[in-house]
Amino acid sequence: MKIITTLVFLTISFLTIGQPKNNFENEIIIIETKESLIEQLKQFENQAIYLDIWSVYCGPCIKQFEYKDSLNKFLESKGIVSLYLCVSPEYAIETWKNLINEHNLKGYHIFVSTRIIRDYKIGFNIEGEENYMRLGHNFPYFVIISKGSVKIKKLEYLPSEKEKLIEEISIFLN
């Protein structure tokens, strides 16, 4: 049985999982699910996705949140969905929610317990990544996914390297 609950924090309008929107102004959407990442990506099949994989205990991950505003303007202008995937121990869920609100991370959020990350990433094959089983072990980790999840690429540049990152995303999606 699939269990999916959508909670909307700091939002102007309610958004259900089946109806993603491009306008993320003041929207933080937390998706609680037991489905795989591949299943979660299906709801965005007509949109490109910027995937930020992080952990609540990763200082470099949290440092990159400082650069999200200017990057989000670019992503929104291109209709790219921001999806944050937090991989942390189950006892860190409240810390995760607090960090989302503290840094005003607009977009979609999924929490994955470190206990189940191996099952969660099955079938997630990343272009240019020789060992995708590392997903969930090296943070921060940024991925761009084309419309329809046809192509998936680990990004080489960080949000703090905005111009290079934007160029890398643009080249990949063209």
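## A hairpin of two strands

Strand 6 and strand 7 make a hairpin, with 6 residues between them. Gly148 sits in the turn and has a positive phi of about 75°. Strands here are DSSP runs of E of at least two residues, and helices are runs of H or I of at least four, numbered from the N terminus. The model is predicted, so to speak of local features needs pLDDT of at least 70, while side-chain atom pairs count only at pLDDT 80 or more, and totals for chains, interfaces and linings use all residues. Residues are numbered from 1 along each chain as its sequence is written, and side-chain values use heavy atoms, leaving out hydrogens and water.

## Strand 6 and its partners

Strand 6 and strand 7 (residues 152-154) pair in the antiparallel sense over 3 bridges. Pairing requires at least two DSSP bridges between two strands. Ile144 has Lys153 as its bridge partner in strand 7. Strand 3 also pairs with strand 6, again antiparallel, over 5 bridges. There, Tyr50 stands opposite Ile144.

Why is strand 6 largely enclosed by the rest of the structure? Because 5 of its 5 residues are buried. Buried means under 20% relative accessible area, with a 1.4 Å probe and protein chains only. Tyr141, Val143 and Ile145 point one way from strand 6, and Phe142 and Ile144 point the other way.

## A parallel pair

Strand 4 (residues 81-88) and strand 5 run parallel, joined by 6 bridges. Leu83 is paired with Tyr108 in strand 5. From strand 4 the chain passes through helix 4 (residues 93-102) to strand 5, a right-handed β-α-β crossover. Right-handed means that, with the strands pointing away from the viewer, the path from the first strand over the helix to the second runs clockwise. In strand 5 (residues 107-113), 7 of 7 residues are buried.

## The nonpolar core

The largest nonpolar core has 18 residues. Such a core is a set of buried Ala, Val, Leu, Ile, Met, Phe, Trp, Tyr and Cys residues joined through side-chain atoms within 4.5 Å. Ile49, Leu51, Ile53, Leu83, Leu85, Val143 and Ile145 touch the most other members. Helix 1 (37-41), strand 3 (49-54), strand 4, strand 5 and strand 6 (141-145) each supply at least two residues. Strand 4 gives the largest share, 4 residues.

Key. Buried < 20%, exposed > 50% of the residue type's maximum accessible area, 1.4 Å probe, protein only.
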